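The structure is shown next.

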4 protein chains.
Amino acid sequence: MSSQYGRKLKLSIFGQSHSPAIGVNIDGLPAGIKLDIEKLKAFLKRRSPGQNDFSTARVEDDVPEVLSGLVDGITCGAPLAIIIRNTDTKSSDYREQRDIPRPSHADYSAFIKFGGHQDVAGGGHFSGRLTAPLCVAGGICLQVLNELGITISARITQIGKIQGTDEKMKREILIAKEQGDSVGGIIECEATGLPAGLGDPMFDGIENRISGIVFGIPGVKGIEFGSGFEGAARKGSENNDSFYMDGETVKTQTNHCGGILGGITNGMPVLFRVAFKPTPSIEKEQKTVNLSSKENTVLQVTGRHDPCIVPRAVPCVEAAAAIALYDAYLDR
Amino acid sequence: MSSQYGRKLKLSIFGQSHSPAIGVNIDGLPAGIKLDIEKLKAFLKRRSPGQNDFSTARVEDDVPEVLSGLVDGITCGAPLAIIIRNTDTKSSDYREQRDIPRPSHADYSAFIKFGGHQDVAGGGHFSGRLTAPLCVAGGICLQVLNELGITISARITQIGKIQGTDEKMKREILIAKEQGDSVGGIIECEATGLPAGLGDPMFDGIENRISGIVFGIPGVKGIEFGSGFEGAARKGSENNDSFYMDGETVKTQTNHCGGILGGITNGMPVLFRVAFKPTPSIEKEQKTVNLSSKENTVLQVTGRHDPCIVPRAVPCVEAAAAIALYDAYLDR
Amino acid sequence: MSSQYGRKLKLSIFGQSHSPAIGVNIDGLPAGIKLDIEKLKAFLKRRSPGQNDFSTARVEDDVPEVLSGLVDGITCGAPLAIIIRNTDTKSSDYREQRDIPRPSHADYSAFIKFGGHQDVAGGGHFSGRLTAPLCVAGGICLQVLNELGITISARITQIGKIQGTDEKMKREILIAKEQGDSVGGIIECEATGLPAGLGDPMFDGIENRISGIVFGIPGVKGIEFGSGFEGAARKGSENNDSFYMDGETVKTQTNHCGGILGGITNGMPVLFRVAFKPTPSIEKEQKTVNLSSKENTVLQVTGRHDPCIVPRAVPCVEAAAAIALYDAYLDR
Amino acid sequence: MSSQYGRKLKLSIFGQSHSPAIGVNIDGLPAGIKLDIEKLKAFLKRRSPGQNDFSTARVEDDVPEVLSGLVDGITCGAPLAIIIRNTDTKSSDYREQRDIPRPSHADYSAFIKFGGHQDVAGGGHFSGRLTAPLCVAGGICLQVLNELGITISARITQIGKIQGTDEKMKREILIAKEQGDSVGGIIECEATGLPAGLGDPMFDGIENRISGIVFGIPGVKGIEFGSGFEGAARKGSENNDSFYMDGETVKTQTNHCGGILGGITNGMPVLFRVAFKPTPSIEKEQKTVNLSSKENTVLQVTGRHDPCIVPRAVPCVEAAAAIALYDAYLDR
């Protein structure tokens with residue numbers, strides 16, 4: 001499977017940081033959906049680099065080019081293939097990497113897996129750039145979900161050690177940047193308007209489905225639903241969500257389960273949080289090895305890198321949730 | 001998919017808490033593997049109820065019965081089907097549940113999904129009992145992995161608010177029990193001896209694969225790899241794992257990535273932690289609704305229930321990890 | 001996948017000719033379906049051996065035993081697992097086979113694939129006996145399809161060189177039997193009442209789906225839809241099916257396409273024919289090899305064998321079609 | 001799944017006859033394979049239109065453009081995405097089709113499935129043009145298989161009623177063309193050099209795998225392996241393939257099983273034949289319906305069409321076989 005995802009909606013993502021193009025083929029999208037390409041571009045803009053002090057200076061236009069699947073702006077039932085050209089590539093920045101793996105990047109594990117043939121330029125297929133086609137697919141799913149009355153929105157709740165104050169979180173990133181360092185963070189995502197009954201038991205539950213795609217975003221190292229790790233510290237009487245009738249509708253007083261019981265939505269908002277590690281590319285000198293000479297060495301990563309990927313990851317998390325939930329909706 | 005898991009090793013799990021039997025069909029196990037059934041029974045024993053003060057008094061023998069796939073104790077390449085008979089069933093305990101969903105159980109979401117036809121006895125297919133066939137499959141994978149020099153072991157790191165002291169954690173469970181309440185906890189799992197290069201990019205990474213099965217264990221609401229949520233608070237310079245040569249072998253000084261980079265193992269131990277919510281079945285009176293009369297009501301859950309499922313979940317987490325990792329190994 | 005089939009309805013078949021049991025786990029069957037077990041038994045009876053002069057004398061009762069997935073005879077949404085115990089086993093008949101592969105059986109290819117660990121008794125997992133769980137799943141799908149107004153029926157159109165005369169076809173089988181030989185044949189299957197629009201383009205067309213399961217029946221070596229191979233000899237003007245309005249309904253004057261255009265049903269009956277090779281087990285002496293000594297040798301297959309499997313394969317073809325079409329129906 | 005195929009090698013095909021581009025994403029190709037793009041172009045040339053009197057005058061260059069997955073001409077382990085631009089499009093030819101379905105085309109069944117939103121221009125996603133990306137993928141697999149000593153070659157054995165004489169078969173096509181008619185035919189394909197042991201039991205056998213892709217080629221209505229339908233008329237003593245030792249190698253005297261026993265290769269050539277219906281697009285006036293007015297009408301198909309698709313389908317069958325067999329090889 002690798003870069004494919006989905007049960008009814010089948011995504012197949014391709015591309016490397018510096019390949020001619022990156023893109024996604026989406027198989028299984030119903031026919032008759034009107035796509036708003038301008039809205040999609042606006043969504044993609046949210047993950048684009050070069051928009052503020054916190055992100056890399058590399059500027060790509062990220063213009064989605066529809067190759068197939070649309071007739072007069074409406075899905076025709078055939079697979080929807082969309083690509084984005086890579087324009088601003090500087091592959092010469094990245095030569096050294098084949099021999100000198102960057103700490104906490106995929107360089108070394110990819111070297112082993114692909115026998116040294118992996119594309120090292122800009123992280124190749126492991127680059128955060130590959131979240132662009134994810135956002136293409138997710139942006140489309142979001143448009144469809146919105147029509148169904150379902151909204152998905154994510155926000156940063158923590159940057160480094162700072163929780164919940166926008167200004168302080170921004171400063172945390174700038175401090176890291178000034179230090180030639182980087183910083184991680186946490187994103188919370190909420191989906192409202194979902195009907196009860198989506199998802200399946202055991203291995204096709206909503207948690208499994210969302211995790212299955214969210215861990216495809218580079219840098220994600222943890223996920224929790226509802227009260228998550230915090231809930232593990234509670235008593236049942238504290239963590240259980242009481243049911244009550246709101247008119248004809250069954251609701252819960254609290255939402256510690258994050259809208260999911262037994263893997264299946266219960267009609268309350270689906271709520272989850274995602275932990276991002278600090279960007280591994282930092283200017284500070286790091287210890288590593290030379291895979292050719294099999295000797296220890298040091299490395300100073302140069303080039304354009306975000307001191308914190310979390311701000312640009314917000315739409316990626318929304319996209320991932322939109323894909324997983326729309327797929328579950330089609331698969332109901 | 002629902003109750004199926006795996007790429008090369010295809011698990012198909014069946015059964016309900018009080019159906020005639022529960023079981024698993026395992027397709028894709030290589031031929032020629034000698035299974036130690038006694039060792040498997042010993043492994044299953046670890047998740048059995050009724051072994052101490054912390055778990056339900058319900059006693060089942062959990063005798064695995066091999067229906068197919070073995071010849072003279074050796075796998076023959078045909079699917080390996082193993083069942084466990086349900087012997088100690090008391091379905092009369094559970095009648096009320098169709099109308100009165102238990103808070104934070106799957107009762108309500110399953111009612112919606114299955115139109116009221118779901119098996120309510122003992123939680124049906126959503127019961128923790130279904131972790132027995134998971135442990136059957138996992139116990140077998142563990143045997144094979146051990147032969148390959150790979151070990152997997154899980155341990156409890158937190159019960160309720162108590163971290164790391166066995167006696168205090170036990171007392172936390174007994175206190176919850178005395179109060180007619182329950183308590184959650186955290187399990188940490190480590191796999192050592194894995195070769196570098198297992199797993200795939202994006203959606204078939206080791207994190208995705210392990211999450212995809214671990215969230216199939218009832219009560220799991222969070223998972224983190226390596227430094228996980230803690231790591232999100234760190235600087236890159238603190239969280240990055242420096243490479244060094246240990247003789248001919250590339251290793252990392254720390255293991256904040258949990259042995260996984262870009263979804264692919266790097267040869268260091270795979271390390272993850274799983275958050276379990278407190279058992280939703282508690283004796284204390286809870287608010288809920290009557291789905292027939294559409295009125296608010298209260299419920300007192302009776303019957304046999306663990307005040308904390310975490311101790312019995314330890315082998316389940318090992319089983320899940322073993323299945324995911326052996327599947328990734330076969331899929332390499 | 002191997003012994004698994006289906007997109008929405010996931011079959012997982014297990015068992016060998018002489019294992020303790022054979023069976024099937026069916027994941028994805030909607031909840032709320034009332035199963036008629038007596039009707040299922042009657043369907044299974046049609047493929048049972050020992051019912052006439054044409055089939056092996058081995059008598060098995062083929063009593064389906066439901067392990068899970070049913071509550072009061074109604075599907076509950078959990079996987080439906082059904083087994084059949086193997087009672088009349090004589091494994092001593094089959095010892096020689098590990099070294100001396102029977103011509104045109106799976107003995108040799110299985111030996112290579114499974115490194116000599118395959119179950120040789122009675123053909124193991126490759127035995128025609130494994131069509132019993134296929135018929136269990138198919139018989140259930142047939143019941144559901146019937147409720148939807150869809151019928152599936154298959155019939156023999158050729159035995160050996162004899163086409164279409166029941167008495168002559170029967171005699172052909174008896175002649176082969178008397179000669180210690182066997183004979184092949186062709187089965188035609190028709191499904192009526194299907195809505196237009198089932199199936200998908202390219203690799204998930206109805207032809208692909210039906211072939212994907214029909215070639216799972218031992219002995220099948222060909223399949224054709226509508227005019228099939230005959231149609232390849234025609235002009236377009238002869239083979240094209242003209243559309244016409246039958247009241248409000250679009251129909252075709254002929255059905256040379258077998259009810260499938262572009263992989264998708266057009267509302268006309270789905271029609272296909274399946275070619276079965278003659279049973280490879282014959283009493284006549286045959287040339288083969290000894291895999292241990294690597295020498296040529298001869299073999300006389302003894303034991304109980306059908307001189308023609310085609311009569312017993314009729315319900316198997318119906319079962320395969322029912323599973324493929326009901327899966328396509330659920331996947332629409 | 002729809003336009004996706006494969007277990008280890010995952011193809012995802014996209015495009016319509018007149019969309020901006022058509023293409024394929026190939027996930028799972030091993031890293032380190034050197035691709036010969038010129039050789040691939042030569043292979044694609046074999047299915048190109050406009051090369052002789054038998055095929056449509058539409059001329060497309062079919063230049064494969066690699067978007068990702070290659071570094072310096074060598075696969076890097078990332079998905080290999082290749083597109084072909086559609087240049088010679090005349091969408092105005094096809095307007096009428098939404099209301100007036102062409103007999104024996106997918107027009108009507110696609111109309112029902114996609115609610116009238118299907119791309120009608122040139123047959124949309126159902127066009128024979130979509131075999132170009134199939135040939136891209138297949139041509140690549142052929143290169144890899146050749147390196148492994150495996151060859152695949154297909155040839156026409158029948159055009160209309162004419163078998164086996166090139167000149168007479170060509171004349172049959174020209175006669176059909178002159179008559180404003182079309183004609184079908186049969187292609188035989190042989191794969192040599194395959195190791196024994198590829199494929200899996202039941203639903204993942206080589207027959208199932210090859211059928212699963214071959215029926216994705218437009219116009220295919222039948223497939224048979226080895227002696228196929230002919231073999232159904234034989235006695236077991238005539239059809240069985242005797243084993244013998246050729247030095248250290250086990251071979252069979254005949255190859256009536258087409259190199260496949262129990263779904264698994266036996267080391268002899270894999271042999272199958274595919275039946276193509278006559279091209280449904282003919283100049284002759286045909287009866288059909290108007291889906292808007294719900295009245296009977298007549299239709300004369302104009303535009304550029306092959307009087308026989310069989311010659312151009314030869315490389316498509318090779319491509320399909322190459323993909324199925326290389327996937328089975330990777331999945332062994």
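In what order do the 5 strands of the open sheet in chain C run? The order is 1-2-3-7-4, and the pairing is antiparallel. The model is predicted, and the points below are grouped by topic.

**Sheet in chain C**
- Strand 1 (4-5) and strand 4 (65-68) of chain C are the edge strands, each pairing on one side only.
- Strands of a sheet pair through backbone hydrogen bonds, in either a parallel or an antiparallel sense.
- Between strand 3 (residues 21-27) and strand 7 (residues 80-85) of chain C there are 6 bridges, in the antiparallel sense.
- Opposite Ala21(C) stands Arg85(C), in strand 7 of chain C.

**Ile22 in chain B**
- Ile22(B) is part of strand 3 (residues 21-27) of chain B.
- Its relative accessibility is 0%, so Ile22(B) counts as buried, the cut-off being under 20%.
- Beyond residues up to four places away in sequence, Ile22(B) touches a set of residues including Phe14(B), Gly15(B) and Gln16(B).
- Ile82(B), Ile83(B), Ile84(B), Arg129(B) and Leu130(B) are also among the residues that Ile22(B) touches.
- Pro64(B) is 42 residues from Ile22(B) in sequence, and their C-alpha atoms are 9.8 Å apart in space.

Key
Residues numbered from 1 in each chain as written. Chains lettered and ligands numbered in written order. Predicted model: local features only at pLDDT ≥ 70, side-chain atom pairs only at ≥ 80, totals over all residues. Heavy atoms only, no water. Pairing = 2+ DSSP bridges. Helix = DSSP H or I, 4+ residues; strand = E, 2+ residues; numbered from the N terminus. Buried < 20%, exposed > 50% of the residue type's maximum accessible area, 1.4 Å probe, protein only. Contact = heavy atoms within 4.5 Å.
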